[in-house]
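Dear colleague,

Here is the structure I promised to pass on to you. Please open it alongside this message, as my notes on what was found in it follow directly below.

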Amino acid sequence: DFLCISLVNGFAQLRYNLGDKTIVLQTRQKVHANGNTWHSLNAGRVGNEGYLDLDGTNVTQKASPGMQALDTHTDFFVGGVSSLNLVNPMAIENEPIGFTGCIREIVLNSRELKLTVTDPKGGANIGDCDGTVCGYTVCKNNGTCQVEDSGFSCSCPREWTGTTCEQSIHCSQNMCGSRALCVPQPSSFSYTCVCPLGWSGTYCHNKITFYIAKFVGNSYIKYTDPYYGKRDLQHSRLSLNFTTNHTEGLIAWMGKSEDEDNDFLAIGLANGTLKVVINLGERISVPLMHSKYFTCSDERWHFVTVIQNQTCIKVYLDEELILFEDIDPQRKYTALNYDSICYFGGFEIGRKVNVVTTGLFQKEFIGKIKDVVLFQDSKKIQLMKAEGYNVYDGNSGN
């Protein structure tokens, strides 16, 4: 399998092969090769349907029956490869040669890659394209960069300040606690503080402890499982108690959630009904819905347990077996490689649940969670000891 973007006779070309046939898309217009014109290129695939967009002009390859997954286990190369022998002959039209020119702002699966000296894994024969201390993102938030004798300076738009225009003027004199996040509120010429775990209050100065975690909608907890290396990933288990009066929300997500390759097991609510989704490596997420109960949004405590035995999934709700399904009798993938990461209530600030889960769940969880147990550990997870924001003490009035 491969996915390759190249220049061919002045045109940009996308080629990919998911294991059955090579698909080729080519832009309608040529790239300006004068050395001073920046082009914006978007390319990729959804299943086996490909798209290629150069400066807003789109070319799409309609999906046809065929394989859907890109199975690659190599490094991601930009501008060339360590050895031209690595390039599949079908990935390019002519003999492979390295790219000569400038590349910036590479975004791979919604994450920008840092094109610095230290961030990439390796490389060779790369220079600074801009030629000055003013790169394309030195000044944030549409600031203008000027080269100075001592380096550079940024001229900032009215709403922003700081050396690189990185700070909202509304947060420049903020009183938020040391690990709290300041969120500007331009409409009211003010700001709000987003508190880290263990803190609450307007400015996050009140220390709190909790055993029941209360989520308010822009909350999340990210827990790293210290025993991941010793787990039997073919036999996973997650159990917890939750209560809510909302009909939509992501309760728990076992998995990295960084890109579509990542395995996951997820629990949440959809239309007031318990929804469990699992992906063991095929990128085909298997949603398991239970429609008998519409009582999960009734502000009562509910106890849910999900057990994965290779490809067999059991779901218990309030100690009653409500789902039992073999999601892949072929046993192609049998392990839940969740990479030690578990999210509760949502994902990091700025990462929307409906985007990260590609629509499997619509919203962040609003409600309370307690008694989280991984596998068959004798102790519950100490949610207080994890990473997270905007989580409150749910002990009172529970």
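Lys222 stands opposite Glu387 in strand E28, and Lys222 also stands opposite Tyr343 in strand E26; strands here are DSSP runs of E with at least two residues, numbered from the N terminus. Strand E17 (residues 213–224) is joined by four bridges to strand E27 (residues 366–374), the two running antiparallel, and in that pairing Phe215 stands opposite Gly367. E17 also runs antiparallel to E28 (residues 387–393), with six bridges, and antiparallel to E26 (residues 341–344), with four bridges. Two strands are taken to pair if DSSP finds at least two bridges between them.

Please keep in mind that this is a predicted model, in which local features need pLDDT of at least 70 and side-chain atom pairs count only at pLDDT 80 or more, whereas totals for chains, interfaces and linings use all residues. Residues are numbered from 1 along each chain as its sequence is written, and side-chain values use heavy atoms, with hydrogens and water left out.

The domain assignment, which is automatic or comes from a database, gives domain 1 (2–112), domain 2 (181–208) and domain 3 (213–393). The C-alpha centres of domain 1 and domain 3 lie 35 Å apart, and six residues of domain 1 are in contact with six residues of domain 3, contact meaning heavy atoms within 4.5 Å. Between them these two domains bury about 520 Å², 27% of it on carbon and sulfur atoms, where buried area is the accessible area (1.4 Å probe) that two parts lose on being put together, summed over both. On the domain 1 side, Ala69, Asn109 and Arg111 lose the most area to domain 3, together 59% of what that side buries. The count between domain 1 and domain 3 is one salt bridge (a side-chain nitrogen of Lys or Arg within 4 Å of a carboxyl oxygen of Asp or Glu). Arg111 forms a salt bridge with Glu258, with the closest N and O atoms 3.7 Å apart.

Leaving aside residues up to four places away in sequence, Leu108 touches Phe76 and Leu113.

With best wishes
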